[in-house]
Structure formats: C-alpha cells, structure tokens
Amino acid sequence: MFSLAETFSFLDNPNINWKNVILGFTIGQAVFENYLAYRQYQVLKRKTPPVSLKAEVTQETFDKSQDYSRAKARFGFVTDIYNVLQLVATVKYDVLPKLWTVAGSLVQKASPILPSFLGGIITQSLFFVGVQEVISVVLSLPVSYYSNFVLEEKYGFNKLTLGLWISDKLKSFALSVVLGYPILGLALRIFDFTGDSFIAYIMILVLAVQLTFMTIYPLFIQPLFNKFTPLQEGELKTAIENFAAKEKFPLSKLYVIDGSKRSSHSNAYFTGLPWSKQIVLYDTLIDHSTTEETVAVIAHEIGHWKLSHLAKMLVFAQAQIFTSFSLFSAFIRNRSLYNSFGFTTVQPTYIGFLLFGHISTPINLGIQFLFNLLSRKHEYEADEYAKSRGFAEPLAKGLIKLLSENLSSMDADGLYSAYHHSHPILPERLNAIGYISKEKIADIKPFKND
Ligand SMILES: [Zn+2]
C-alpha cells in the first residue's frame, strides 16, 4: 500500500540540518509577509478614498482610518520581528531540550501527588506544554498590553481596564489547562496506542472536539467573558423575529452582548445547535445602526446559515487537518529531525508535532490563501442573499457605518488582501451588491477619545 512514511523516508537523513530548514522557513515567511505589508503600506498612504466610497465617507474618517491602519501595520512589523527573534533564540540556544529536562524534573517533584495512571512521556509532554505556555504568555504580555492600552486606546477603541485585561488572561490560561490538557493527553495516548494507523482515530477525536466545542462555547465559555442580556421587547426585536420566521431560521433567543466592555468594535453573529439558534448582537452595533440596517446585517448572517457556510468550512477544516496529519505520519518517526534538536534518547510525539508545525510553514501559507478565498466567496454569497431579500440598500449603509466606525481599511493591495483578508474590503462588497453611491451617510463619525 502507498505510504507517505515510506515515500518520505529519504528525509530521515542525518545530513539534513533541520534547524536550518526551520529557521529558513520562518525567516522566509517573515520576509514574504513583510513584503505584503510593505505593499499594503503604500495603499495606506493614499490621500483620497476609493471612488466607490468618495461620496459616503468624510475625508476626516478616511484620514483617520488610514492613520489607524498604518499604526497597526507598523506595530505588526515590530511584533513580527519580535516573534521571529524568539524562534531564532529557541533554535540557537537549544531551548526545547532544556525545557524538556525542566518538565522532567517537575514531573518527578509532582509524582507523589500525581494520580498513578499518569506517568512517562505523556505526562512529561503535558508539563512541557505548561512550562512553554507560561513562558509564551509572559513573552506576549508586552505585545498585548501595547496593542490594547496604547494602540487601540489612541484611536478610542480600547474599553478594557487593567483588571479586566488581567482577569481575561487568567481565565484563558485556566481554560486551556482544564479543557486543553485532557484533550492533548488523550491525543498523545491515541498516537501511542494506534501506531501508524493513528490518522483515522485522531480525525475522529478532532471532529468530536470541534463539535463539542461549538456546542459548549456559547453556553459555558463565552459567558465567562461577557454578559448576555436578552434583547428587550420593541421594534428591533419584532423586526428580527419576523424576518427569522419568514426565513424559517430556528431562532430561539436574541441576545445583546456587552462587547463594549472591551472594545468599541461592533459585530453580530449566531451560534447554537442546528435546531435552536441564538443571534448575538453587540451593544455597539445596536447603538449605531437603524433597525433596518441591523436587520440587514442579520439577513447577511442568516444567509451564511441558509447556504451552509459553517458546514462547508468544517469540511474544509477536516480536509486540511487530514492533510496535515497525513504529512505528519511521514515525520513522526524521523530520527534525524529529533536528533537535530537534541532529542537523541527520547522522541516525544509532541515535540515531533511541534517541529513538524514549523516544517509545514510553506503548506500552511498556501492553505491560508485557500481558506481566505473560500471565506470571501461565502461573504459575497451572504451579501447576495441579503440583497435577494431586499436589503441591498440598508446592508450597504449598515456596512459603511460599521466599517467606518471600526476604521477598517477602506482600500487594499490585491496580494495582501488575498493572503490576509477573510472578508472582501468594503468597496468590493458595495460593488458586488450593486450599491450606487449617492450621498454622505449622516452621522458617521469615527470614535473619539473622549
Ligand atoms: Zn459574513
């Protein structure tokens, strides 16, 4: 039978310097992404809005949006360098085997209190992940702090307090321990037990985790971070319920979420099981849109549901995960790879997977293009759906308001957009809807600091 492991067995070669391969891919990716960022930066220096927005958006809003996008781009450049340097240091100073040793001594210290079924390489892998995660959270603190409290703050979007920022970080960390570690432990056991036929079992686990997570996320996890209030009775609620009923959308609950607690960026989405869905509206969206515009945004969301976009994305994700694990099967026993990184006596599967993640960088870049292509196609289709229900005009106006208030980039370089954007940019969407620019849409104002 055809086996990837055999096909790629020539890669298990002590002459290959895997450290250099990984460094090369990482730096190559950074160069490529910064080239794209450079192209986009030229677009962000333009002084006038794209033609299709000229009549709608004030020069002040456009200037501020360009300014905000440039500030984000410059910050992105700095964080990119910071991340590449971290990886280079990790490789150069053999950080992985050192952390592995640290994890080993932690396991030994903890052994009196660990349940007896835990032991060996899997437990050490989990401790390794824990140590690695603590380090990576600490290293990411300056980036996260600057992004929220300096950059977003300057443009009036940040609503986080220091206390909330810290409690968010702690909750996320606790969640990753409570949910992530058992799943990772189970996955590593599956690799051990099933040997070379791990792919089918891992795929079942991944799918089960995805579906479970989609179910419990809105019910148990998001409420840890946000407050959900049922949308109050009134014109908006009636309008949404009537539209949902007409479209046979199984709407069970309508919530308003206090998105404004963290940021003034606005949004809407739906979650739930196939037969019982909740629509969640950001308070910031309701505050700034008319009833008709909000319903138009919801018509777009219901379009995603009618056209099974979520299911299609799930299939795409499965295909991607399948490809990924199939390729991993060619590396999981590649001794030269483990040896290059100082794992000569043990070859922990988790380390193999970590290194494989870096080796598959070029493939991941390609997948990102494909993913965004599919996602943009879905956005156009959902817009088209809203248009077919008679919402072309309010959708266009709603989008213009939403994107102006969020100071989203109004123009983009084609290649940059293909790689980074899961949504078409505003002029592209307006053109596709067939919106003819007529007038300045009143009361669009970028948020102010006060
Ligand atoms: Zn959408």
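Let me start with a term: a nonpolar core is a set of buried Ala, Val, Leu, Ile, Met, Phe, Trp, Tyr and Cys residues joined through side-chain atoms within 4.5 Å. Buried means under 20% relative accessible area, with a 1.4 Å probe and protein chains only.

Now, the model. It is predicted: local features need pLDDT of at least 70, side-chain atom pairs count only at pLDDT 80 or more, and totals for chains, interfaces and linings use all residues. Residues are numbered from 1 along each chain as its sequence is written, and side-chain values use heavy atoms, with hydrogens and water left out.

First, the overall build. The chain has 17 helices and four strands. Both are DSSP runs, numbered from the N terminus: helices are H or I with at least four residues, strands are E with at least two. Of the 450 residues, 45% are buried. The radius of gyration, taken over C-alpha atoms, is compared with a globule rule of 2.2 Å times the number of residues to the power 0.38. A compact globule of 450 residues would come out near 22 Å, and the chain has 24 Å, which agrees. The C-alpha atoms fill a box of roughly 70 × 50 × 45 Å along the principal axes.

In soluble globular proteins, nonpolar side chains tend to be buried together. Here the largest nonpolar core has 41 residues, and Phe128, Phe191 and Phe341 are among those with the most contacts inside it. Helix H7, residues 198-225, gives the largest share of this core, six residues. Another core lies apart from it, with 40 residues, among them Phe62 and Met410.

Look at Phe341. Beyond its neighbours within four places in sequence, it is in contact (heavy atoms within 4.5 Å) with residues including Trp18, Val91 and Leu355.

Now the metal. Which residues hold the zinc ion as protein donors? They are His300 and His304, each through NE2, and Glu379 through OE atoms, at 2.1 to 2.7 Å. Donors are N, O and S atoms within 2.8 Å of the metal, or 3.2 Å for Na, K and Ca; water is not among the atoms, so sites may look incomplete. Along the chain, the spacing reads H-x3-H-x74-E. His300 sits in helix H10 and Glu379 in helix H14, 79 residues apart, so this pair links distant parts of the chain. Both His300 and Glu379 are buried.

Last, a hairpin. Strand S3 joins strand S4 through two residues.

Terms used: Pairing = 2+ DSSP bridges. Buried < 20%, exposed > 50% of the residue type's maximum accessible area, 1.4 Å probe, protein only.
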